Amino acid sequence: MQQQWYQDTAVNSLGQNLHFYMETIEVSRLTGLAFYTAGEKRYKGERFYWQNREKTMTLVGLGHAYTIQSETSQHRFDEVEAKWRSLTKNGDIQQEQPPILFGGFTFDPQHQIAGEWTGFPDAFFALATFQLVIQQDKAYVNLHTVTTEPQTEEQLQVLRQERDTLIQLAQETMITMYAKPEIIHYFEPHKEAYLASIDQVTALIKEKQADKVVIARSLALQFQEPVSTSQVLAQITEEQPESYLFGLEHQQLLFFGASPERLVKVQDRHAFSSCVAGSIKRGKTVAEDEVYGQRLLNDAKNGGEHQYVVDMIAQTFQENCLDVTLPSSPTLLKIRDIQHLYTPVEGLLKEGATILQLAKSLHPTPALGGSPRQAALEAIRQYEPMNRGLYAAPIGWVDAQGNGEFAVAIRSATLLQDKAYLYAGGGIVADSEAQAEYEETLVKFRPMLRALGGQLHD
Ligand SMILES: C=C(O[C@H]1C=CC=C(C(=O)O)[C@@H]1O)C(=O)O
């Protein structure tokens with residue numbers, strides 16, 4: 001076992017001195033899910049889970065050493081960045097396993113509708129007390145504490161014992177597949193309003209008030225009994241291996257999902273994003289799948305929806321990065337239930353540009369908001385009868401050295417004990433049809449519905 005220590009002080013927004021202490025150990029035989037599950041008794045409501053698309057990084061947090069929540073909705077990206085930089089001394093922590101801040105920004109602080117998201121902050125991030133990182137076949141657990149009084153050696157010893165207990169519990173835990181939860185009620189809360197909104201939005205687009213607007217809706221499930229959060233994360237890990245997997249707890253709520261879409265990644269100042277927009281279902285045979293794929297690649301409506309996203313992300317990269325590269329035409333991104341048009345974008349961060357600044361400029365891309373951005377957001381506020389919360393918004397992590405990754409939180413759902421709310425939407429352009437859009441949302445609900453034991457539509 002390897003150990004490293006770091007101890008420092010920072011000042012919080014109340015002017016109090018903060019004592020930041022961390023240490024790292026290397027551990028063996030540990031899966032992310034087992035560690036998450038080991039925190040069930042003591043840290044429920046204060047856990048998170050993340051795996052990148054490539055499965056080269058797993059991150060799990062148990063307990064809150066420090067949380068950052070926005071106090072001003074207009075400056076939430078800047079605020080999170082400033083508080084994190086202040087705690088981590090502007091990236092001065094040169095630890096091999098740096099502390100990681102994990103969380104998300106809500107889709108639109110100006111669109112508040114009472115429901116499952118009531119009381120959720122516009123930005124919510126946590127530095128875990130016990131942070132597991134699995135990378136390159138090695139697993140590390142960091143212990144973090146941030147306190148106004150320095151920690152005594154005895155207090156640290158208690159935390160080390162707690163860490164060791166969690167590790168042992170995780171090493172003994174076998175995650176078996178549970179029986180899927182029993183759904184007793186399945187309903188589509190705003191089906192009529194959703195169908196009407198597609199017609200209202202296409203009319204607005206024909207009047208040239210916007211070019212594209214993404215409209216979403218939810219699906220609500222009532223279960224026989226409270227559903228285990230470990231169970232749903234185990235299900236998506238099993239069923240959606242080709243996506244970003246995420247779970248973020250906030251009190252009683254678990255927001256989780258399996259998204260194919262990267263908003264932004266930064267590694268050693270190299271920045272990456274992806275344009276994912278334009279969809280068609282998967283075929284039942286290889287030949288049929290190929291036919292659908294070719295149809296999508298050649299479809300003008302989907303191509304148009306995709307191009308708005310490419311133009312906006314490419315422009316944001318031109319403003320923030322050097323050496324921007326992107327292919328001239330999209331390829332197909334195939335995931336279990338659906339295929340999308342896909343264009344990756346890369347660049348080298350300019351001086352002063354950061355992952356959180358890039359996330360701030362990119363969110364929401366026209367794949368989730370529309371184009372032009374302000375007109376699309378206003379149309380969503382006017383016609384979409386739900387609060388998106390973290391759905392379609394940035395979720396992910398940033399470390400003390402400015403590396404990090406945010407996915408776009410689509411193919412996602414909220415679990416609140418014995419209730420779940422699933423979210424899905426699609427890009428609306430002038431020639432969109434309400435029924436076809438409705439059916440596309442059914443396909444997009446599938447991953448979360450399957451994980452929650454629901455019936456699949458064809
Ligand atoms: C808004 C969603 O998907 C977006 C991402 C990919 C393709 C999309 C589309 O084809 O409409 C959407 O822009 C969703 O899954 O809820």
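**Figure 1. Pro364 and its cis peptide bond.** In this predicted model, Pro364 sits in the loop that runs between α9 (355-362) and β17 (370-371). Look at the bond that joins it to His363: this peptide bond is cis, with omega about -10 degrees.

**Figure 2. A cis peptide bond at Pro372.** Here the view moves to the loop between β17 and α10 (373-383), where Pro372 is found. Ser371 and Pro372 are joined by a cis peptide bond, and omega is about -15 degrees.

**Figure 3. Lys55, a lysine with positive phi.** Which loop holds Lys55? Lys55 lies between β3 (47-51) and β4 (57-69). Its phi is near 65 degrees, a positive value in a residue other than glycine. For context, most residues other than glycine have a negative phi. Is Lys55 buried or exposed? Lys55 counts as exposed because 12 other C-beta atoms lie within 10 Å, and the cut-off for exposed is 12 or fewer.

Figure 4. Lys208 belongs to the loop between α5 (191-206) and β9. Although Lys208 is not a glycine, its phi is positive, at about 65 degrees. Lys208 is exposed, with 9 other C-beta atoms within 10 Å.

**Figure 5. The largest nonpolar core.** This close-up takes you into a core of 127 residues, the largest nonpolar one in the model. Val213, Phe246, Ala409 and Leu422 have the most contacts inside it. Strand β6 (residues 123-135) is the top contributor to this core, giving ten residues.

**Figure 6. The surroundings of Val213.** Val213 is one of the residues with the most contacts inside the largest nonpolar core.

**Figure 7. The shell around the ligand.** How many residues surround the ligand? There are 18, and the closest are Ser279, Ile410, Gly425, Gly426 and Gly427. Sorted by class, the shell has nine nonpolar residues, six polar ones and three charged ones.

Conventions: Residues are numbered from 1 along each chain as its sequence is written. This is a predicted model: local features need pLDDT of at least 70, side-chain atom pairs count only at pLDDT 80 or more; totals for chains, interfaces and linings use all residues. A nonpolar core is a set of buried Ala, Val, Leu, Ile, Met, Phe, Trp, Tyr and Cys residues joined through C-beta atoms within 7 Å. A residue is buried if 20 or more other C-beta atoms lie within 10 Å of its own, exposed if 12 or fewer, and partly exposed in between; C-beta atoms are placed from the backbone. Helices (H or I, at least four residues) and strands (E, at least two) are DSSP runs, numbered from the N terminus. A residue is near a molecule or strand if its C-beta atom, placed from the backbone, lies within 6 Å of it. Ala, Val, Leu, Ile, Met, Phe, Trp, Tyr, Cys and Pro count as nonpolar, Asp, Glu, Lys and Arg as charged, and the others, Gly among them, as polar.
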